[in-house]
Amino acid sequence: MTLSLAHITVDCNDAAALAGFWAELLDQPVDPDASVHFATVGKAAGAAPLLMFIQVPDKTPGKNVIHLDFHAADWHQHVERAVSLGAKRIGDFDEYGAQWTTLADPEGNLFDIGAE
């Protein structure tokens, strides 16, 4: 039996608000019935895996050990768009033959946008 990735789950304080950030960044809608407690992005668009946001009382302190990596030919434009939507630029990197920017979403979850 093969495993398949169904969701990328993000613990957060306000599921609907954080889903809204990611929906804007990915140019997809927040799925219906989003609330402060639970929200998804991608189901209505038929995307897989889904991004799933769940409100938790206490997020694990420190750096998240799983993060999303995005790649695009026009990656600098996507970085600037993410910042305009509320992301914080953490750092720019050019290592191991790759270029990318590490950012944090409005609740501090890290993600990268880099060159294809």
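Q: How many helices and strands are there in the protein?
A: There are two helices and seven strands. Keep in mind that this is a predicted model. Along the sequence, the elements follow the pattern β-α-β-β-β-α-β-β-β.

Q: What makes the radius of gyration of the protein agree with that of a compact globule?
A: A compact globule of 116 residues would have a radius near 13 Å, and the protein has 14 Å, so the two agree. The C-alpha trace spans about 40 × 35 × 30 Å along its principal axes.

Q: What share of the residues is buried?
A: Buried residues make up 33% of the 116 residues. The cut-off for buried is under 20% relative accessible area. The accessible surface comes to about 7,300 Å². Carbon and sulfur atoms account for 55% of that surface.

Q: What share of the contacts joins residues at least 24 apart?
A: The share is 51%, counted among contacts between residues at least 6 apart in sequence.

Q: How do you know that the span of helix 1 is close to the expected one?
A: Helix 1 covers residues 15-26, twelve residues in total. At 1.5 Å a residue, 16 Å is expected. From first C-alpha to last, helix 1 reaches 16 Å, close to that value.

Q: Which residues of helix 1 are buried, and what do they pack against?
A: The buried residues are A15, L18, A19, F21, W22, A23 and L25. They pack against several strands, including strand 1 (7-12), strand 3 (50-55) and strand 7 (110-115). Helix 2 (75-84) is also one of their partners. An α-helix has 3.6 residues a turn, so residues three or four places apart point the same way.

Q: Which side chain reaches a backbone nitrogen at the start of helix 1?
A: That side chain belongs to D14. One of its oxygens comes to within 3.3 Å of the backbone nitrogen of A16. The cut-off for a polar contact is 3.5 Å.

Q: Why is D27 called exposed?
A: Exposed requires over 50% relative accessible area. D27 stands at 68%, so D27 counts as exposed. D27 is found in the loop between helix 1 and strand 2, just after helix 1.

Q: What is noted about the phi of D27?
A: Phi of D27 is near 55°, a positive value in a residue other than glycine. Most residues other than glycine have a negative phi.

Q: Is D33 buried or exposed?
A: D33 is exposed, because its relative accessible area is 75% and the cut-off is over 50%. D33 lies in the loop between helix 1 and strand 2. D33 has a positive phi of about 70° although it is not a glycine.

Q: What kind of peptide bond joins A48 and P49?
A: A cis bond joins them, with omega about 0°. P49 sits in the loop between strand 2 and strand 3. Most peptide bonds are trans.

Q: In which sense does strand 3 pair with strand 1, and in which with strand 2?
A: Strand 1 and strand 3 pair in the parallel sense over six bridges. There, V10 has F53 as its bridge partner. Strand 2 and strand 3 pair in the antiparallel sense over four bridges. T40 stands opposite M52 in strand 3. Two strands count as paired at two bridges or more.

Q: Why is T102 called buried?
A: The relative accessible area of T102 is 11%. Buried means under 20%, so T102 qualifies. T102 is found in strand 6 (residues 98-104). A polar contact of 3.4 Å joins the side chains of T102 and W100. Leaving aside neighbours within four places in sequence, T102 is in contact with residues including I90, F93 and F111.

Q: Why is F111 called buried?
A: F111 has a relative accessible area of 0%, so F111 is buried. F111 lies in strand 7.

Q: Is D105 buried or exposed?
A: D105 is buried, because its relative accessible area is 4% and the cut-off is under 20%. D105 lies in the loop between strand 6 and strand 7. The side chain of D105 reaches the backbone nitrogen of E107 at 2.9 Å. Leaving aside neighbours within four places in sequence, D105 is in contact with L18, F21, W22 and F111.

Key:
Residues numbered from 1 in each chain as written. Predicted model: local features only at pLDDT ≥ 70, side-chain atom pairs only at ≥ 80, totals over all residues. Heavy atoms only, no water. Expected span 1.5 Å × (residues − 1). Buried < 20%, exposed > 50% of the residue type's maximum accessible area, 1.4 Å probe, protein only. Contact = heavy atoms within 4.5 Å. Polar contact = N/O pair within 3.5 Å; in protein donor to acceptor, adjacent residues only side chain to side chain. Rg over C-alpha atoms; globule rule 2.2 N^0.38 Å. Areas by Shrake-Rupley, 256 points an atom, 1.4 Å probe, with all protein chains shown as cover.
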